[in-house]
Amino acid sequence: MKNHAELAADFNKDEDRVNWHDETLWWVRQKRDKAAHQIDNWELLRETASQIKNNVLSDLSNYLQQFEANAIKNGITVHWAKDAAEHNQIVKEILNRNGIKRMVKSKSMLTEECHLNPYLEQNGIEVIDSDLGERIVQLAEEPPSHIVLPCIHKKKEEIGELFHQHLGIEAGISDPQILTETARLHLREIFITRKAALTGVNFAIAETGEFVVCTNEGNADMGAHLADVHIASMGIEKLVPQRKHLSVFLRLLARSATGQPITTYSSHFKKPRPGQEMHIILVDNGRSTQLGRPDFRNSLKCIRCGACMNTCPVYRRSGGHSYHTAIAGPIGSILAPNLDMKDYADLPFASTLCGSCTNVCPVKIDIHDQLYKWRQVIVKEGYGDHKKGIGMQVMGWTLSSPNLFNTAGKAGRWVIKHAPFAVNNPLNPWYKQRDMPNPPKESFGSWYKNNR
Amino acid sequence: MITVALFIPCYIDQFYPNAAKATLQLLEKLGVNVVYPPNQTCCGQPMANSGYEHLAAGCSKLFIENFAEYDYIVSPSGSCVLHIKEHLHPGETKAEADKIHHTIYELTEFLTDVLKIEHLNSSFPHKVGLHQSCHGQRGLKISQMSELNAPYFSKPGKLLGMVKDLELIDLSRPDECCGFGGTFCVSEEAISAKMGKDRISDHIQHHAEFITSADMSCLMHMEGLLNRQKSDVKVIHIAEILNGVAV
C-alpha cells in the first residue's frame with residue numbers, strides 16, 4: 001500500500017490540477033474567514049464550544065445513559081455497537097427484519113468509517129447515497145475525499161461524464177444547473193421508492209433524547225420523512241448536554257465548514273411518526289480507547305466541519321485520497337492512528353506542523369500538537385521508518401557533542417563546495433527541485449573564535 | 001547593561017553565518033552585552049519533530065549547560081526558540097528548563113518586547129516580502145494570525161517599518177506555510193517543494209526583490225527553489241536588514 005508521501009507525489013504529477021484543487025479549497029477557507037470575522041465574539045464562541053465538549057467527554061457515560069433513557073421514552077429503539085462490524089450487523093438485521101433490500105442514505109462519515117456500503121452490498125442490500133457529492137463519488141466508485149465536500153476533487157466536466165454514463169444525459173454537458181437538475185430527478189425517484197433511510201447525526205441532545213442532522217440539500221429529511229424505517233448512526237462523542245448548547249454549535253458549524261451562517265436544514269428528530277420505526281445506533285469503534293489517551297482524547301470534540309482540511313496547505317496540495325482513510329486531513333491524521341497505528345503511521349508525518357488547523361478549529365482541538373505527540377508514540381511503538389531511525393541516532397550523537405558537530409559541519413560544507421555531485425543528485429530528495437545552500441568559507445562559530 | 005546569551009542554531013552557524021553576525025552586531029549596536037557560549041550546537045528539533053524526542057536528550061542537556069545561567073537568551077530563529085520553549089527535555093534539570101522557558105526570545109520579539117525598540121538607523125531601499133514562519137507566528141505569536149478574529153499586530157512587520165526606504169509588499173496569502181517543515185522537506189518532497197514554489201510565486205507576483213523572515217530555515221528552502229528557477233529574487237534574514245547591510 002502506498003503511503004501519504006507517495007500518493008501525494010502521484011497527485012502532484014498534474015500540477016495544474018493541484019493548483020485548481022488548492023485554489024478551490026482556499027476559496028472555502030476565505031469564505032470561512034469572512035464569516036468568522038463578522039462575528040464579534042467568534043473566539044469566545046469557540047472557547048464555549050470547546051468547554052461544552054470537554055464537559056461532555058469528562059462525563060460521557062452518564063450523558064449517554066441519559067440520552068438513551070430519553071430516546072427510549074420518545075419511542076426510539078437504541079442500539080449499542082462496540083465496533084464497525086457490530087454496527088454494520090445491526091443495520092443489516094433491522095433491514096432484514098423489515099424485508100428491505102434497498103436503502104437510501106444521507107451523509108454519514110461514520111458509515112464510511114465502518115465501510116457499511118460494501119458490507120450491505122455483499123449481503124444483497126443496495127445502498128444509494130443521496131447527498132449530491134456522495135452520489136457522485138459513489139457513481140465513480142471512489143470514497144469521499146473530504147468530509148463536507150465529498151467530490152471536491154472532481155471537476156464539473158468529470159461529473160458530466162459520470163452522469164452521461166450512469167444517469168443517461170448527453171455527453172459533454174458540464175453546466176452545474178443541468179447536472180444538479182439531473183441528480184435531483186434521479187434522487188426524487190430514490191426517495192419515493194425506498195422504504196428505509198439511514199442518516200448520520202451531527203448532534204444528539206442528552207436532556208431530550210433527540211438528534212439533529214444538518215444538511216444543505218434537505219436530502220436527509222426527504223429520505224427519513226418518506227421511509228418506514230429511519231436508522232440514525234452516531235459516534236458516541238456526538239452528544240451535547242442540553243438543547244440550549246446547540247445554538248453555540250449551529251453558529252460555529254456552517255461558518256467553519258463553508259462560510260454560511262447556518263446550514264439550510266438543521267432538522268431535529270425526536271420521535272418516530274405513527275407507524276414508523278426509528279433506530280439510533282451508538283457506535284464506539286475506538287472512541288473509548290481514544291478517550292483513554294490523555295494526549296489525544298480531546299480529538300473527540302470534533303464536529304466534522306472540515307475547516308482544518310480547507311486551511312491545511314498539505315491537504316490542499318495532496319488531495320483527500322492521499323490520506324487513505326475515511327477522514328482525511330489534519331483531523332483524520334490524529335484520529336486514524338488510534339484505529340490502526342501501523343496502517344496510519346505515515347499520517348501524523350504528513351504535516352509541517354504549521355498550526356493553521358488548530359487556529360480554525362471551532363472546538364479548539366490542539367491538532368498540530370497532537371500530530372507531534374502521535375509522532376513520538378508511533379516511533380516508540382516501533383512503527384516509525386527504520387532507516388530514518390538510524391540517521392536520527394547518528395544525528396542525535398553528533399548534535400549533542402560540540403566537537404563532533406564542528407567536524408561534521410566542516411565536512412558538510414566541504415562536501416557541498418568541493419563535491420557537489422555527492423549531494424546534487426536525484427537520490428537526494430532536497431536536490432530534486434531545490435539547489436543546495438552556497439557553503440560559506442567558515443562557520444559563525446569559527447569566525448567568532450578568530451575575530452572576537 | 002543587559003547581557004544576552006546568543007543562541008545560533010546549527011544550520012545558521014554552518015550555512016548562514018551572515019545572519020548570525022548581523023544578529024550579534026545589531027544587538028551590540030543597541031547597547032546589549034552579547035555573550036556567545038562556544039559549545040552550543042542544536043536545539044534538538046530535527047530529532048524531536050521526526051518522532052525521536054528521546055534522542056534529543058543529549059541536545060537538551062548541552063543546551064541547559066550552555067544557557068541556563070543567563071537572564072536572556074536570544075536567537076535569530078523562531079522555530080528553534082519554540083522548540084526550546086515547548087520541548088526542552090527537563091530530565092533531572094527541570095528547574096533550569098523551566099527557567100529557560102521564560103528567558104529565551106526570538107530576535108524580533110526581544111527587540112520589540114524587551115528592548116522596546118522604536119527607531120532603527122538602517123536603510124534598505126528595496127521591495128521586500130515578509131515571510132511569516134509558522135513557528136514564530138503561530139507558535140511564539142510574534143504576529144497576529146489570519147485565522148483568528150483578533151486585532152492585527154506584527155513584531156517583525158513593525159521593525160521593518162522602521163527601516164528607511166524599505167517598501168513592504170502585500171501578499172495574497174500573508175501567512176501560508178512555505179512547506180519546509182524540517183525532515184518533512186525530504187520525506188514529503190513533492191508537497192514540500194510545491195508549497196515552497198507557491199509561496200515564492202506569491203512574493204514574485206507582488207514584485208518582491210527580497211524575501212525576508214525571522215526564520216532562516218524557511219528562507220533556506222525558498223532560496224533553494226529560487227536558485228533552481230534562476231530567479232533574481234533573493235532571501236535575506238531580517239537581522240541583516242535591521243542591522244543595515246550593503247547588498
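**Before you start.** Residues are numbered from 1 along each chain as its sequence is written, while chains are lettered from A and ligands numbered from 1 in the order in which they are written. Because the model is predicted, local features need pLDDT of at least 70 and side-chain atom pairs count only at pLDDT 80 or more, whereas totals for chains, interfaces and linings use all residues.

**View 1. Chain A as a whole.** Chain A holds 23 helices and 10 strands; helices (H or I, at least four residues) and strands (E, at least two) are DSSP runs, numbered from the N terminus. The C-alpha trace of chain A spans about 90 × 55 × 45 Å along its principal axes. Chain A has 452 residues, and 49% of them count as buried. Here a residue is buried if 20 or more other C-beta atoms lie within 10 Å of its own, exposed if 12 or fewer, and partly exposed in between, with C-beta atoms placed from the backbone. Among contacts in chain A with a separation of 6 or more, 72% join residues 24 or more positions apart; two residues are in contact if their C-beta atoms, placed from the backbone, lie within 7 Å. The domain assignment divides chain A into domain 1 (1-36 + 297-384), domain 2 (39-285) and domain 3 (394-451), with bounds that come from an automatic or database domain assignment. The centres of domain 2 and domain 3 of chain A, taken over C-alpha atoms, are 55 Å apart.

**View 2. Where chain B meets chain A.** Each chain brings 60 residues to this contact: 60 from chain B and 60 from chain A. On the chain B side, the helices that supply at least two residues each include H1 (10-15), H2 (17-29), H11 (189-205) and H12 (216-228). H12(B) gives the most, with seven residues. By class, the chain B side has 31 nonpolar, 17 polar and 12 charged residues. For these classes, Ala, Val, Leu, Ile, Met, Phe, Trp, Tyr, Cys and Pro count as nonpolar, Asp, Glu, Lys and Arg as charged, and the others, Gly among them, as polar.

**View 3. Two helices of chain B that cross.** The axes of H11(B) and H12(B) come within 9 Å and cross at roughly 80°. Axes are lines fitted to C-alpha atoms, for helices over the stretch in contact, and angles run from 0 to 180 degrees between N-to-C directions. H11(B) and H12(B) are therefore roughly perpendicular to each other; angles under 35 degrees count as roughly parallel, over 145 as roughly antiparallel, 65 to 115 as roughly perpendicular and the rest as oblique. From H11(B) come B:Ala193, B:Gly196, B:Lys197, B:Arg199 and B:Ile200, and from H12(B) come B:His221, B:Met222, B:Leu225 and B:Leu226. This contact has five nonpolar, two polar and two charged residues.

**View 4. A helix pair in chain A.** Helix H10 (residues 176-193) and helix H11 (residues 219-226) of chain A pack at an angle of about 30°, with their axes 8 Å apart. H10(A) and H11(A) are therefore roughly parallel to each other. In H10(A), A:Leu187, A:Phe191 and A:Ile192 meet A:Asn219, A:Met222, A:Gly223 and A:Leu226 of H11(A). The classes here are five nonpolar, two polar and no charged residues.

**View 5. The two domains of chain B.** The assignment gives chain B a domain 1 (3-114) and a domain 2 (127-243), and 21 Å separate their centres, taken over C-alpha atoms. Domain 1 of chain B puts 26 residues into the contact and domain 2 of chain B puts in 23 residues. H2(B) gives the most to the domain 1 side, with six residues.

**View 6. A:Ile205 and its neighbours.** A:Ile205 sits in strand S5 (residues 203-205) of chain A and counts as buried, with 25 C-beta neighbours inside 10 Å. Not counting residues up to four places away in sequence, A:Ile205 touches A:Glu210, A:Val240, A:Gln242, A:Arg243 and A:Leu246.

**View 7. Two loop residues with positive phi.** A:Lys364 is not a glycine, yet has a positive phi of about 55°; A:Lys364 lies in the loop between helix H17 (356-360) and helix H18 (367-380) of chain A. A:Lys364 is partly exposed, with 19 other C-beta atoms within 10 Å. In chain B, phi of B:Asp165 is near 65°, and B:Asp165 counts as exposed, with 9 C-beta neighbours inside 10 Å.
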